[in-house]
Each structure stands twice: as structure tokens, then as C-alpha cells.
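Hi,

Here is the structure I promised to pass on. Have a look at it first, then read my notes below.

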Amino acid sequence: MNKKLKVLLSGGGTGGHIFPAIAIADEIKKRFPDAEFLFIGANGKMEMEKVPQAGYKIEGIDIAGIDRGNLLSNLGLPFKIIKSLSRSKAIIKDFKPDVAIGTGGFASGPALYEATKLGVAVFIQEQNAHAGVTNKILSKAAKAIFTAYPKVAGFPAEKIKFLGNPIRSVIISGMQDTAQAKQKMGLNKDKLTILSVGGSLGSRTLNNAWKSHLKQIVDKDYQLIWQTGKLDYKDILEETKDIDTRNIQIREFIKDMELAYSAADIIVSRAGAIAISELAVAQKPVLLVPFPFAAEDHQTKNAMNLVEKNAARMVKDSEMQEKFWNTLSEICENENVRKEMSDNLEYFAKPDATKEIVDEIFKVINR
């Protein structure tokens, strides 16, 4: 390009919105080392910390979502929206971006809305199987919408490009032979191994399920890598101190997730968008337990996309007591079921998502 490329990005509130935006910025920076980047985030949200840690500049706006638990607290929301639109417009007019990319979250609404009004080419990356409110509103003006699922309700079908979610490069490059990974983790390479992941804070639903079924794990001689999250970790260590846990690794947090994915024969997980994209690349049979309080129940919709392709099994949070162990046992005890699920996960595996998203962006802006 003849002039220095300027890229505006906005997305935040959760890591699921922030890290795809950072991954896209990193890929553009690889191609255009002199490009300038500016993020717009919501003051007080985690992007205001995570984006600078990744080496990018960010401007904050005063925006928040609707508080459904305290309707009175929403009285000031119209004023926040007006203020954030005005601030976004000023930031964009000053920065003069060539392209604007939104990955969802409160801040991306005002930022991308003002970008379209100022004639900037706008692109959306939606991580979930159900369009978020912000992205749904912005979709009409977007040049293209990059998704992790072939159909996403709420988006114009002609704008959807099913390219997957940007995920951590270490997951793509770090997958290893299962037997070797088990040995590296101090596990028996010949024993069936289950990995349970519930996010950095952990999932109390999953933790309670494992506490209820530790005896079955021991009796079946299965191995369990149990990521508890920090909320329950100490309590679980105390509660299991008198149980034979030779085959069970209880961890607060798993740093080398690519090694844990590699060591697993079966994975039990919540159904967050980025988690599912990583699981698809890992291509291990998976039992999904969607978090029921996610916005618009999007985790259940994410999970159902895999279930309909026979690429996963699902147990609802409310059905864990009745169905968890039987569903897990069906996967554990049937090698053909595991192989079929692994093969079908390939449909959702998009290891080149970040590269292909950036390819599409430049196809459009170079026309």
C-alpha cells in the first residue's frame, strides 16, 4: 500500500471478544509492520488492560450494556450511549482509519456505527452461533461478516463468510501425539484419559459432577485431568484428600493447554465460542455442558451446531444429575463413537481462521 495503513478495532467485555481482535491485529501487523492500530474499548472493562499488554493503543468510551438484574440502573444508559457515540466519532475523525473491525461487546457498537457514518469499510467477526445484539445491528452496514458457524441467525446470509474463530497459535502448532503427551503429564499412556475444563474461574457444575463420580473414575481405572478453576480449587483438594486420586490430576489452572488437549482421549467442557474452536482443532471427542446464563443462551446454540453434526454430545446444566455419567460412559466405552465424533469435528476446525479473515478484509478494501 502506498500510504501507511490505519486499522481501527473494537471488541471487549470478555476474552472471547478481545483475543480475536488482538489476533486479527497481529496478523495484519505481520503483513504491514508499519501499520497503525487503535482499539476502542469500554472504560472499566478488561480490554483496557489486555490490549495494552498486547502492545496496542486503546481509547476508552463510557458505555455499558443493559443491566437486566437492576432495571433502575439503566436510567442513565441513553446518556452513556450519546456520550460514547460522540467520543467515538471524535476518535475516528482524528485517527482516520482505512478499515474498522468489530468483534462484539459494548464498545464496538458506537465505534463501528460512527465508522460506517464516516465512510470507513467495516467488518464484523462473530464468535458464536447466535448473533450478538451489537453485531446484529451493525451487520447491515458491514462489508462482510466472519463467523465460526455456517449459518448465524440475525445476519444477512450473503454477507456471511464461514472462516472460524481466531484462536491461539500455540494450540494450532502445539498439538502432539496422545501417548507422548500423556507421558509428559505424568500419566499412563495406555489408560483412557478425560480432560475437564471450565474456564479460568472454573465451572461449579462440572466440579460438582466430578465430585459425585470420582468413585466411578477410580473403579473404571480412567485418568482425569481436572481443571477446577480458582474458586473451588482449595475446597476440592480438602474434600478429596482421603480419596485414592492416583489417576486424577487436580489443577487450579492449566498453563499448557495444548499439552492437555493432546493428552486427552475425551474432553468435557463448557461451550464458549473460543473453547469450541480450540476443541475443533484438537479434534478430540467432546461432551459439552453449556453455561445456561450466557447471553441469549448462546452457549447452547454453539453446542447444538456440533451435536447436529454428530461432532459432540451435550448435557444441559439442569440435567447433569440424570444424564452426565451415562452420556460420558457412552463416549468412554465406545471407540467407534469417539472416532466418529473426532472425524466430524474436522468440519468446524479452522486453524487458518485469522489468516483467511485478514485475506478477505484486504480483498474487499483493495477492490
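Strand 2 (residues 36-42) pairs with strand 3 in the parallel sense over five bridges; strands here are DSSP runs of E with at least two residues, helices are runs of H or I with at least four, and both are numbered from the N terminus. Two strands count as paired if DSSP finds at least two bridges between them. In strand 3, isoleucine 61 sits opposite alanine 42.

Before going on: this is a predicted model, where local features need pLDDT of at least 70 and side-chain atom pairs count only at pLDDT 80 or more, while totals for chains, interfaces and linings use all residues. Residues are numbered from 1 along each chain as its sequence is written, and side-chain values use heavy atoms, leaving out hydrogens and water.

Now zoom out. The open sheet has seven strands in the order 3-2-1-4-5-6-7, with parallel pairing. Strand 3 (57-61) and strand 7 (160-162) are at the edges with a single partner strand each, so one side of each has no neighbour in the sheet. From one strand to the next, the twist averages 25°; angles run from 0 to 180 degrees between N-to-C directions, and axes are lines fitted to C-alpha atoms, for helices over the stretch in contact.

What lies across the sheet? Helix 1 (residues 15-31) lies across strand 1 (6-10), strand 2, strand 4 (99-102) and strand 5 (121-126), at about 175° to strand 2. Helix 4 (residues 108-117) packs on the sheet too, touching strands including strand 1 and strand 5, where contact means heavy atoms within 4.5 Å.

Cheers
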